[in-house]
Amino acid sequence: MSKEIKNLKEYSKAAERFEGAHLLCPGCAHSMIVREAINATDSELVISSGTGCLEVSTAVYPYTSWDVPWIHIGFENASTAVAGAEAMYKALKRKNRLYQPERDVKFLAISGDGATYDIGFQFISGCFERGHDMMYICLDNEVYANTGGQRSSSTPIGASTTTSPSGRVSYGKKEKKKDIVQIMAAHGSPYVAQVAPNKWKDMVKKLKKGFDAGGPVFINAMSACTTEWKFDPSDTIDVSDVAVDALVFPLYEIENGTKLTITYRPKNVLPIKDYLGLQGRFKHLMKKENAHIVEQWQKDVDAKWEYLQRREEAGV
C-alpha cells in the first residue's frame with residue numbers, strides 16, 4: 001500500500017480507459033466514480049458488470065465506452081464472473097501458460113445496489129469467503145434505477161419509490177437501509193471503504209489502497225441519482241456534499257475487518273433536514289405528520305457517527 005497517488009496533472013494527462021458519449025443520465029455520478037476507479041491504478045484491468053444503469057448505458061451495440069476487457073453478465077453475477085477470470089489467470093500463471101506472465105492484472109466487479117445489497121449478495125459473500133484477489137465496487141444510488149425505480153434494501157427509510165410510494169396511508173419505505181459496509185467488513189476483508197465522488201481525493205486514495213491490498217476488497221460508492229432522487233442534474237456534487245456533511249454517507253475505511261478509520265470529518269455538520277430537503281423523493285417528509293420520521297433519521301445518523309468514532313478511538 002505504498003504507491004503514490006497520481007496527482008491532478010497526471011490524471012488530466014492519463015489515457016482514458018472509460019470513454020464519454022455514453023448514455024448515462026446527465027448528472028449521473030456513475031461515470032465519475034468509474035472513471036476515477038479505472039484511473040486509480042496503472043495495472044491492466046479485467047472488469048465485469050452486472051445488468052444495471054452502468055451496463056445498459058455504456059455498451060449499446062455496436063458501441064462501447066470500455067477501453068479495457070469488460071464482461072457483461074447477469075444481474076447477480078458480476079462478482080463470480082470476475083472471480084472466475086481471476087481464478088483462471090492464477091491457474092494459468094501457476095502452470096506457466098500465460099503468454100506474458102509479467103503483466104500486472106487486476107480484477108474488478110462493478111454493479112449497482114440492487115445487484116449488490118439484494119440479488120447478488122450471496123455470490124459476493126461467496127467470493128469474499130473464498131478469498132479471491134478482486135475488488136468489488138457498489139454504485140450505491142439506493143434504488144433499482146434501471147428497471148423502474150423500485151426500492152432496494154439500500155433505499156433509506158421514508159424514501160418514495162415505485163414499490164414503496166408515499167401517499168395518504170404511507171410515508172414511503174418503512175425499513176431502514178442495510179449497512180453493507182459493516183457486513184462486508186465482517187467477512188474479514190483486507191480492505192473495505194465507503195466513498196463519495198465529491199471527495200475525489202479521498203476516493204482515489206481508497207481505491208488505490210484497495211487495488212494494492214491483495215484479496216477481496218469492497219468499496220461502497222455513493223452515487224447520487226438525479227432521476228430517482230429527483231434533483232436537478234447540475235446539482236449532483238452539491239447533493240453529494242450535503243450527504244457527507246450531514247453524515248448520511250460517512251466516509252471511512254476498515255482494514256482487515258477490524259481497524260476503522262474515519263477519513264473525512266465535516267467542519268460543520270449539517271442537519272439531516274438539509275439533505276432530505278434537496279430531493280423530491282423525500283418532499284413528503286417535510287410535512288408535519290411525518291416529522292417523527294425525520295427526527296428518527298437524525299437520531300440514527302447521530303448514533304451511527306458516535307459508533308464510528310468510538311470504534312476508531314478503540315482501534316477496532
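How many cavities of 30 Å³ or more does a search of the whole structure find? The search finds two, a cavity being a set of points on a 1 Å grid over the protein atoms alone where a 1.4 Å probe fits but cannot get out. This is a predicted model, in which local features need pLDDT of at least 70, side-chain atom pairs count only at pLDDT 80 or more, and totals for chains, interfaces and linings use all residues. Residues are numbered from 1 along each chain as its sequence is written, and side-chain values use heavy atoms, with hydrogens and water left out.

**View 1. The largest cavity has a volume of about 170 Å³.** A volume is the space filled by probe spheres set on the grid points, which are joined across faces, edges and corners.

**View 2. F75 pairs edge-to-face with Y144.** Ring centres within 6.5 Å make a pair of Phe, Tyr or Trp (its six-membered ring); planes under 30 degrees apart are stacked, over 60 edge-to-face, and the rest tilted. Here the centres are 6.0 Å apart and the planes at 65°.

**View 3. R281 meets W229 beside the second largest cavity's lining list.** Both residues line this cavity, which holds about 30 Å³ of space. The charged end of R281 sits over the W229 ring, 4.1 Å from its centre; this requires CZ of Arg or NZ of Lys within 6 Å of the ring centre and within 35 degrees of the ring normal.

Terms used
1 Å grid on protein atoms, 1.4 Å probe; cavity = no way out; pocket = protein on both sides within 12 Å on 5 of 7 lines; lining within 4 Å.
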